[in-house]
Amino acid sequence: MALNLNRVDMPNRDPDARNKDFIEVAEGYNVDMAAEEASRCLNCKKPLCRSGCPVNIDIPRFINQVTKKDYDAAYYTLKEFSLLPAVCGRVCPQEHQCEGACILNPKGAAIGIGRLERYVADKFRESGKEEVLQKAPDTGKKVAVLGGGPAGLACAYDLAKLGHSVTIYEALHTLGGVLMYGIPEFRLPKNIVNKEIENIEKLGVKIELNSVAGRVNTVEKLMKEDGFDAVFIGTGAGLPYFLNIPGENLNEVYSANEFLTRVNLMKAYKFPEYDTPVFVGEKVAVVGAGNVAMDAARTAKRLGAKDVYIVYRRSKDEVPARLEELEHAEEEGVKLQLLTSPIEVIGDENGHVTALRCVSYELGEPDEGGRRKPVEIPNSEFDMPMDMVVMAIGQGPNPLLLETTKGLELNKRGNIVADDDGKTSIEGVFAGGDIVTGAATVILAMGAGKKTAQSIHDYLNNK
Amino acid sequence: MYKIMKKEILNPSVVLMDVYAPDIAKTCKAGQFIVLRIDEVGERIPLTIADFFPEEGLVRIVTQTVGYTSRKLMNMEQGDSFLDFIGPLGQESEIENYGTVLCVCGGLGIAPMYPIARELKKAGNKVITVVGARNKELLIWEDVLKEVSNEIYVTTDDGSYGRKGLVTDVSKEILEREKIDHAWAIGPVIMMKFTALLTKEYNVPTIVSMNPIMVDGTGMCGACRLEVDGKTKFACVDGPEFDGHKVNWDLSMRRMNIYKAKEEIALEKAIKGGF
């Protein structure tokens, strides 16, 4: 059979319509598109795609099942490895993972693995079929999972399947972490997240919402008084960074976390039907160019901002966001202000933002990582008129749990030190996800949660 | 769900509620706060803890009708429940035996002052309390504070009760009269600002309790930023108590006004909703 190098595109809604509402942008494959894309898979003997997947999904197997139209089997294949296939199909940076590793990728024709994953998961969910969950017999061991984001959910799911009694403690009023407060509805509909999370409860995992890790329940209390045999810490990267430039505390300067939390978790886009308000300017600068920055920029556009700029100090080639997010943002009218870095937020006497003062950069020599280093151009200062600024330059570890956990070793950035198996400096205490690595991606956190679940299982068996 | 076990109207715009939240009641300390959400469409609002009863599992909050959510809250009755009630959040007050402590409070700051004054007294301090209100009708908890104070002074703006004038007037007299080792000021930002300016003249270390706009209350969003000694701090995880002599007051006052325009829309909704 001849090599088919034509990737099947996934249809998206018209940019001019979608940038005014919060309905999902990508429409997903239909049955024919999925069949055609799946048929392109070479079913490699040594599948490179698998090694590119942080949770090691048996990708050739599920794609093969799609070609045979055995969609349920394909779904259960995905579920063997991942709790959240409908989520991952939508938000994973596939071009750097499975698709990046695909043998057809050098020809620009990697199989649309993410799109197929999404198709299979959506098809099963929409069929209304009850998912069959398999669970090992009760081991009598208790594990506390601190943090109900991607790392904690993945860890809890696998531990529960292995027969352990698991309780998740989540600080917010809903499970999901960044899937609920960070990633917008138009990229990841919340009913889909909720549906995939439901399986956690069906497996018998107990869920304590509004429970701030380290406060009511310290690690010490959980292990000594409440009888938990092990604790998994997955409290994430929950403390937004700022640039520490003058004017950063003016009224209309938001962290991306705050802006997105108000809109996504608190549904400020439905104000006043929902009680939480959010401010949106006419001219909005989003500082940073990761996925979070793209989410913030596209959200501002949807809430009525006229001009939205991504302000980034490197060039387009270095933009860290998923390719699809960058493309979608540009299609929706978000402008790129590249090789530019802010040095001050200018405000009026009442504390309102009026401009972002920036300097221009050019690309210099490559750094250790091979990325060309941005170098400031002398005397290049200029002002961009703005009435709102969103800082999307990353997050550090949340301090609440760390300050009440004695003996937990942290690195100089304040992240928990854990080995490859998630073991921390305290016996029986494990950690994974952003709290260990610093802010990364949903799938890397899930991968860490999953891997650590196995290591906790081994630990409990040998105890 | 977190049930309101008791509701008491303290004055026409101030209400006290005891909420059943046993885990929080057991672990919270003076100076800390909770975040609550009334219902599915509600916003998350922070409230400093006014008292707690570990045996009964109750956390006491006191609120004043200032905006939409506080009106909605005022309309809730004994037996109703909050959807979410999260805490204890923030750092606890640093209670020790300082010697003589001046506790200055006004408006809604009176409620969170109470457990702090109580702990200060327990630690062996001489507690001198100055309470301010706009008028007699708006004054709350004079008797409650009296119990935990060695001396108490009341001021009203209009002179309808106690001394006519501001809390800073009486505080100045006290600072002139005797050696004060430490001070606490809790109330409207403007009151805390002028109290801190006053105590600075007398070199009395002064703690203030900030209550800025918040969303999650756990350090995740940074809405509650303020500047202390020129550095950005988050009231939710670094505070809510700070060195009053180092707070950038004008910035904090400006940041309270971010949603002024939206608040009017919300108030219209409140009127339509009949509260």
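## Where chains A and B meet

The contact (heavy atoms within 4.5 Å) draws 46 residues from chain B and 41 residues from chain A. This is a predicted model, in which local features need pLDDT of at least 70 and side-chain atom pairs count only at pLDDT 80 or more, while totals for chains, interfaces and linings use all residues. Residues are numbered from 1 along each chain as its sequence is written, chains are lettered from A in the order in which they are written, and side-chain values use heavy atoms, leaving out hydrogens and water.

Together the two chains bury about 3600 Å², 55% of it on carbon and sulfur atoms; buried area is the accessible area (1.4 Å probe) lost on putting two parts together, summed over both. Of the area that chain B buries against chain A, 19% comes from M220(B), R225(B) and Y259(B), more than from any other three residues.

How many salt bridges are there between chain B and chain A? The count is 1, and K72(B) forms a salt bridge with D275(A), with the closest N and O atoms 2.4 Å apart. The term asks for a side-chain nitrogen of Lys or Arg within 4 Å of a carboxyl oxygen of Asp or Glu.

Now for the aromatic rings. Over all chains there are 14 aromatic pairs: rings of Phe, Tyr and Trp (its six-membered ring) with centres within 6.5 Å, called stacked under 30 degrees between planes, edge-to-face over 60 and tilted otherwise. Here are two edge-to-face pairs.

| Pair | Centre to centre | Angle between planes |
|---|---|---|
| F430(A) and Y459(A) | 5.5 Å | 65 degrees |
| Y114(B) and W141(B) | 5.7 Å | 75 degrees |

Ring pairs also link F22(A), F186(A) and Y269(A) into a cluster.
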